[in-house]
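I opened the notebook to go through one protein model and write down what I looked up. The sequence and the structure come first.

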Amino acid sequence: IQDNQNARQRDIEANNSTSASWLSKNIAPLLAITVIFLTFGIFGWLVSGEYQKEQENVIFAVLGSLTTLSAGIINYYFGSSVGSAKNREALLESLKK
């Protein structure tokens, strides 16, 4: 959680800086968009079935990595789910007892 907060703060500071370059202000969103598009692109490629059977293991490994990265990106930009937050609060409350 602390890592996400630090990264968000860094993004805010970079975007508010008058001396920061365009790239430093936009690198995180550009990388995020690239990973999301690659993930959906590979999903689409798999659905089309236009790959060789020998490539399947490598494709699934790459897709698994991209899917994990995509989940992290969505969590970074949109936060964790409300249900997850409620579960965490319930756990913390039970630990206090």
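Is Leu-63 buried or exposed? I looked this up before anything else. Leu-63 is buried, with a relative accessible area of 8%. Buried means under 20% relative accessible area, exposed means over 50%, and partly exposed lies in between, with a 1.4 Å probe and protein chains only.

Entry 1, ground rules. I am working with a predicted model, in which local features need pLDDT of at least 70 and side-chain atom pairs count only at pLDDT 80 or more, while totals for chains, interfaces and linings use all residues. Residues are numbered from 1 along each chain as its sequence is written, and side-chain values use heavy atoms, with hydrogens and water left out.

I found 4 helices and 0 strands in the protein, and from the N terminus on the elements run α-α-α-α. Helices (H or I, at least four residues) and strands (E, at least two) are DSSP runs, numbered from the N terminus. Of the 97 residues, 15% count as buried. I also looked up contacts, meaning heavy atoms within 4.5 Å. Among contacts between residues at least 6 apart in sequence, 59% join residues at least 24 apart.

Leu-63 is found in helix H3. Leaving out residues up to four places away in sequence, I noted that Leu-63 touches Thr-39, Ile-42, Phe-43 and Leu-46. I also took a C-alpha distance: Leu-63 and Gly-41 are 22 residues apart along the chain and their C-alpha atoms are separated by 9.7 Å.

Thr-39 is found in helix H2 and counts as buried at 5% relative accessibility. Which residues does Thr-39 touch, not counting those up to four places away in sequence? They are Leu-63, Leu-66, Thr-67 and Ser-70.

Phe-60 counts as partly exposed, at 42% relative accessibility. From C-alpha to C-alpha, Phe-60 and Phe-43 are 9.7 Å apart in space, and they are 17 residues apart in sequence.

How many salt bridges does a search of the whole structure find? The search finds 2. In one, the side chains of Asp-11 and Arg-10 meet at 3.0 Å, N to O. Asp-11 counts as buried at 15% relative accessibility, and Arg-10 counts as partly exposed at 43%. I also noted that Glu-56 forms a salt bridge with Lys-53, the closest N and O atoms being 3.3 Å apart. Glu-56 counts as buried at 18% relative accessibility, whereas Lys-53 is exposed, with a relative accessible area of 59%.

Entry 7, the largest pocket. A pocket is an open set of points on a 1 Å grid over the protein atoms alone, where a 1.4 Å probe fits, with protein on both sides within 12 Å along at least five of seven lines; lining residues have an atom within 4 Å of a point. I recorded about 200 Å³ of space in the largest pocket. Grid points are joined across faces, edges and corners, and the volume is the space filled by probe spheres set on the points. The lining residues include Ala-7, Arg-10, Leu-31, Val-35, Leu-69, Tyr-76 and Tyr-77. Helix H1 (2-16), H2 and helix H3 (56-78) are the elements that give two or more residues to this lining. Which element gives the most? H3 does, with 5 residues.

Leu-30 lies in helix H2 (residues 22-48). I have Leu-30 down as partly exposed, with a relative accessible area of 37%.

Conventions: Salt bridge = Lys/Arg side-chain N within 4 Å of Asp/Glu carboxyl O.
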